[in-house]
Every structure is written in C-alpha cells, then in structure tokens.
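Please open the model in a viewer and follow the stops below in order. Each stop names a selection and then describes what is found there.

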Amino acid sequence: MDDHSQRGALYEGREQTLVKHFILRKYLERFAYKVGSKWTSITYVDCFSGPWNLKSEKLEDSSFAIALVELRKARATLKKRGRDLQIRCFFIERNRKAFARLEEFAHSTQDALVVPRNSTLEDSIPSILEFVHQGGSDSFPFIFIDPTGWTGFAMDTIRPLLQLRPGEVLINFMTGHIERFVTLEETRESFQALFGSGDFLDELRGKQAQDRQDAAIGFYMRSLQKAGDFKYVCCAMVLHPERARTHFHLIYATRNPAGVEVFKEIERLAMAAMEKARAEAQQRKRERASGQDELFTSEVLHDSTHYESLRERYLSLCREFTRTWLKKQKRARYDDAWARVLRAPMVWEQDLRKWLKTWEAEGLLEIEGRPPGTRVLNREQGIQLVWKGQG
Ligand SMILES: C[S@@+](CC[C@H](N)C(=O)[O-])C[C@H]1O[C@@H](n2cnc3c(N)ncnc32)[C@H](O)[C@@H]1O
C-alpha cells in the first residue's frame, strides 16, 4: 500500500475528516515555514483536541499529531537555514478517557513543549492566554477550534482568542448539524451565543436550502471578522462523502493577505481530494448494495453534479457581485476585488482574473497600473480596475 492509500484507509467511512485533516496539514506546512522564517516560535492551540474516532494506533489521524508533524517539518527545514523555531502546543480535551491518550502523547513528546489540559475550552481561556503570553512577543499563535456541535465556543467566550495579535484562527463550523436546529425555539439561546447576536435569525428569515446555509455562514463569518478585527475571513466547504449535502465549513481568519493566498490554494487542492474521496466512498456504497465490484474506477463513475453545481453557484454569484460592485465603485483596487471574491468557497483568484480579462476584452473595464511585461494580474502591484461599461 502506498502512502496515499494507507492514509485513505484511515479515513474510510469518515472522508469529511480526511478533507479537514488535508486542509489542516497542508495549511500548517506552509504556515509554519512562513511564520518560522520571521518569528522565533509558534504557539499552536488545539481547543477541541480529541483523540476522536481514530483508526491509527499511532494517532496519525488526530489533528494534534498531524499538527506536530508539520511543525517539526518546518523546524527541520528552517534549521538548515540557520533558524531555530520553537514549537509550543496547548491541547485541550474535555473527555477524561480521550484526555488520558492525549496526555500520554504529550508526555512522550520530548522535542517540543506540549501542555495538555483536561478541561473545557470555556474554562480554559485564561490558561490559554497565559500560555500564549508566556511565549513572548516573538511567538505567533494559531488557534484551532474543532467542536462536535455548535456549543462550547460561544463568540463571547472565544473573543479574547480571536483578538490575539498576531494570531490566526481555523474554526470548524458544523453546518450540516447547525442547519437542522438553527431556527428551533429550544436552541435559540445557544445559537445566539454561537453567532454572537440574535440578528442571525433576521438574516435567515424567508430563505431556504442553499440560500439559507449561505446566509448562516455569511453571518458567522462577519461576526467572527468583527469580534477579532480580522482583515480577511474565508472558508472551505466540506461535503458529505455519500450525500449531496454540506457536512461542515472550515472557516479561516487572518490579518495577512499571504495567509489567504495559501489557504485558498490549499482549498483548491482539498476540493480535488474531496471529490476523489467522495467518488471512492460512493463506489464502496454501491458495491456493498449490489454485492458486486464495479468494472470502472470510482473516478470514471463519479457523479460530481453536486460539487459542480455548487462551484457554478458561487462563480456566478461572485461574478455578478464583482460586476455590480465595480460598476458602483467606478474605480477600485485589484487587491480589494481579490479580498471580496476570495471570501466565497470554491472561487479562486484565477476565476477573478478570467472575469476581469473578459470584461476588459468587452470594453467594460480598463486595467491600470499593470507592471510592464506582466500579463497575470497580482496583488500588491498597485493595479486599479476602472469600470467603463454602463451595463
Ligand atoms: C471533533 S472532536 C476533535 C477532533 C480532532 N480535532 C481531530 O481532528 O482529530 C471534538 C473533541 O472535543 C471534545 N470536546 C467536546 N466539547 C468540548 C469542550 N467544551 N471543551 C473541550 N473539549 C471538548 C470532545 O470530547 C472531542 O474529543
């Protein structure tokens, strides 16, 4: 078995976790190297650590072990460049049994500072802040919030973590779960705490299906942005392995555009990995039902209609939104258009470039300030978009 299929086997029946760990792994790989090139230490906080539903004896499919592997890799690479990255981790787990394994893992780790805590996130905020501050002013905190539902990380509770500067956050927003309960009377208070205000209900009123889901995610992202005074918030949408519905969104918040660039690039790779894993999961399901092995590979047989229709939805919404915005602004920075577009899932910078090029060719848009000799539009080049069209 090669590395890829070995990893795949660990996630059979929970391919959504494969996608979550793919994004965490790949993002941390790039993040740790980038941050470690500038800062002397990384303070990594996993607020809902687990272990949770693992298959690997060696805990390879746990978020905390994955994080440590990536942080170590960056440290080794940076060492070759003469830099000495310090790794500091704070792992919180409420469940006593799970915590026992987490603690064992922490104690067996000799080459990094790993502090485990058997408690809830709610009760750990002062200890997290203390741990972060002990790292000094040259440590960069990364906060990972990966709950099982919608409670335990109320906006007011996590606000001090969101406000850490520097700092970045990755939150698993359990969309599928939340959608089902969000408008019930009995859950009103807990959702109000999650969203940081009761106004989310106004936003959802009268909306159905995907529109309602987008409204909930949009509200949460804006609330998070405000609470942490983040410049950028974007998300990756993770689909159910076997059904045409959303499992969860991974929401990423940062103050650095380079972070968005990395996250979006990884989201694109993750979407391809997700569709591959969903194709395999769906083939396994069909084969179980029929009792027969299929003749063709899962990728050939995969019906990707749901993914494709979502991508088409966000492309079309963002294209229209950008066009209307440019028309209203008349003149705008490319960097601002980029930041607005990349908030949406499944839309990438190459999509924005394509629309701009089309509008330019149609005489609707002039692009000013392109550095001589460059064809591809990029951020931080002072590029201005000037709308000329009427329609
Ligand atoms: C989804 S699992 C975490 C999975 C892990 N991050 C991973 O990807 O491998 C959530 C974990 O949080 C724990 N938990 C639930 N509520 C909590 C709370 N309020 N504070 C801390 N831990 C909590 C659960 O026991 C469970 O182990």
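Select Asn53 to begin this tour of the predicted model; Asn53 sits in the loop between E1 and H3. The phi of Asn53 is near 50°, a positive value in a residue other than glycine. Asn53 counts as exposed because 10 other C-beta atoms lie within 10 Å.

Remain in this loop, between strand E1 (41-46) and helix H3 (63-80), and select Pro51. Gly50 and Pro51 are joined by a cis peptide bond with omega about 10°.

Proceed to Pro166, in the loop that runs between helix H6 (155-162) and strand E5 (168-173). Here a second stop for backbone geometry is the cis peptide bond between Arg165 and Pro166, with omega about 0°. Most peptide bonds are trans, and most residues other than glycine have a negative phi.

Asp229 is the next selection, in the loop between H10 and E6. Its phi is positive, near 50°, and Asp229 is exposed, with 11 C-beta neighbours inside 10 Å.

Finally, colour domain 1 (3-279) and domain 2 (304-387) separately. Their C-alpha centres lie 29 Å apart. The contact draws 16 residues from domain 1 and 13 residues from domain 2. On the side of domain 1 that touches domain 2, helix H10 (209-228), strand E6 (232-239) and helix H11 (257-290) each give two or more residues. E6 gives the most, with seven residues. That side of domain 1 has twelve nonpolar, one polar and three charged residues.

Key:
Residues are numbered from 1 along each chain as its sequence is written. This is a predicted model: local features need pLDDT of at least 70, side-chain atom pairs count only at pLDDT 80 or more; totals for chains, interfaces and linings use all residues. Domain bounds come from an automatic or database domain assignment. Two residues are in contact if their C-beta atoms, placed from the backbone, lie within 7 Å. Helices (H or I, at least four residues) and strands (E, at least two) are DSSP runs, numbered from the N terminus. Ala, Val, Leu, Ile, Met, Phe, Trp, Tyr, Cys and Pro count as nonpolar, Asp, Glu, Lys and Arg as charged, and the others, Gly among them, as polar. A residue is buried if 20 or more other C-beta atoms lie within 10 Å of its own, exposed if 12 or fewer, and partly exposed in between; C-beta atoms are placed from the backbone.
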